[in-house]
Amino acid sequence: MQTETPATCAFQGTTSIAPSRQPEDRLIVALDVSSAAEALRLSSLLIGRCRWVKVGMELFYAEGRDLISRLQDQGFCIFLDLKLHDIPNTVAAAIRSVAGLSVQILTLHAAGGPVMLAAAVAEVKLLPQPPLLAAVTVLTSIDQPQLLSIGVPVSPQEQVLRLATLARNSGVRGLVSSPQELAALRHTFGPDPVLIVPGVRAAGSLADDQRRTATPGIAIRQGASLLVVGRPITRSADPARTTETILAEIAMALDE
Ligand code: C5P
């Protein structure tokens with residue numbers, strides 16, 4: 001399926017999404033490490049290879065704001081994966097607190113509910129350089145038994161669609177799901193949402209704690225805008241080479 005993706009950091013300060021056929025625009029490398037030194041060692045290997053890095057809780061809590069500006073100085077677009085989930089007032093305040101970082105994408109949990117989502121959307125609209133908000137639906141580490149154990153007696157796909165609908169109706173443009181729900185999300189919402197998928201693994205490689213996975217090629221063919229890949233790259237003996245291999249698979253899928 002043909003989808004639209006952002007041009008270089010195009011989310012920031014704009015609502016337009018320019019189509020990109022460049023594999024390097026479609027990969028976000030999750031820098032899930034706990035020191036600035038290790039993050040910058042990895043990011044240095046990625047310069048000129050990919051455009052996006054993800055800073056999540058582990059790195060942000062350890063190294064914070066300074067590290068983000070150093071990654072920006074290296075030329076990276078930033079996916080700040082803080083997965084905000086709190087009362088509306090606190091989430092809006094948290095968005096104000098990270099506004100100065102000028103990141104391109106910021107995550108929050110759709111399960112925070114419609115009032116929280118609407119408060120986040122309203123807050124982001126006040127910013128001079130608004131990040132794209134992306135709502136996490138069902139974590140890629142959650143399978144059906146785990147969903148049941150938290151009191152949700154439906155399939156992961158049903159729950160993803162329910163939370164995605166909630167997020168879209170609240171004005172959130174980005175959605176985070178596993179690759180396995182991509183086709184249903186594109187079928188339901190069409191080309192507009194920016195669909196971001198972790199849980200990306202090469203065929204036959206370790207799933208780690210991820211439960212709902214697919215290969216980079218399948219994820220692109222199913223309509224992903226952006227793929228998030230962490231451990232397969234960061235724990236690789238040769239992160240640069242692994243990145244190139246994933247980009248080659250993305251390129252092949254984009255060419256089809
Ligand atoms: O190492 P791996 O490729 O599994 O990393 C996936 C990254 O995507 C992690 O940083 C994780 O926090 C994030 N993520 C996820 N599932 C979601 C949302 C984010 O795995 N639903």
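**Ligand site**

The ligand is surrounded by 17 residues (near: a heavy atom within 4 Å), with Asp32, Lys54, Thr140, Arg201 and Arg231 the closest. This is a predicted model: local features need pLDDT of at least 70, side-chain atom pairs count only at pLDDT 80 or more, and totals for chains, interfaces and linings use all residues. Residues are numbered from 1 along each chain as its sequence is written, and side-chain values use heavy atoms, leaving out hydrogens and water.

- Polar contacts here are pairs of N or O atoms within 3.5 Å.
- Asp32 places a polar side-chain atom 2.5 Å from a ligand oxygen atom.
- Arg231 uses its backbone: an N or O atom there lies 2.7 Å from an oxygen atom of the ligand.
- For Lys83, a side-chain N or O atom is 3.4 Å from a ligand oxygen atom.

**Cover and shell**

- On its own the ligand has 470 Å² of accessible area (Shrake-Rupley method, 1.4 Å probe), and the protein covers 88% of this.
- Strand S3 (77–84), strand S8 (226–229) and helix H9 (231–234) each give two or more residues to the shell; helices (H or I, at least four residues) and strands (E, at least two) are DSSP runs, numbered from the N terminus.
- The shell holds eight nonpolar, three polar and six charged residues. Nonpolar means Ala, Val, Leu, Ile, Met, Phe, Trp, Tyr, Cys and Pro; charged means Asp, Glu, Lys and Arg; the others, Gly among them, are polar.

**Largest pocket**

- The ligand takes up the space of the largest pocket; a molecule sits in a pocket if more than half of its atoms lie within 2 Å of its grid points.
- A pocket is an open set of points on a 1 Å grid over the protein atoms alone, with protein on both sides within 12 Å along at least five of seven lines; lining residues have an atom within 4 Å of a point.
- This pocket holds about 650 Å³ of space, a volume being the space filled by probe spheres set on the points.
- Its lining counts 31 residues, with Asp32, Lys54, Asp81, Lys83 and Gln210 nearest the centre.
- S3 gives the largest share of that lining, three residues.
- The lining divides into eleven nonpolar, eleven polar and nine charged residues.

**Cavity**

- One cavity of 30 Å³ or more is present; in a cavity, a 1.4 Å probe fits but cannot get out.
- The largest cavity has a volume of about 50 Å³.
- Its lining includes Ile95, Leu106 and Gln129, and has no charged residues.

How values were computed: A polar contact is a pair of N or O atoms within 3.5 Å; within protein, one must be able to donate a hydrogen and the other to accept it, and residues adjacent in sequence count only if both atoms are side-chain atoms.
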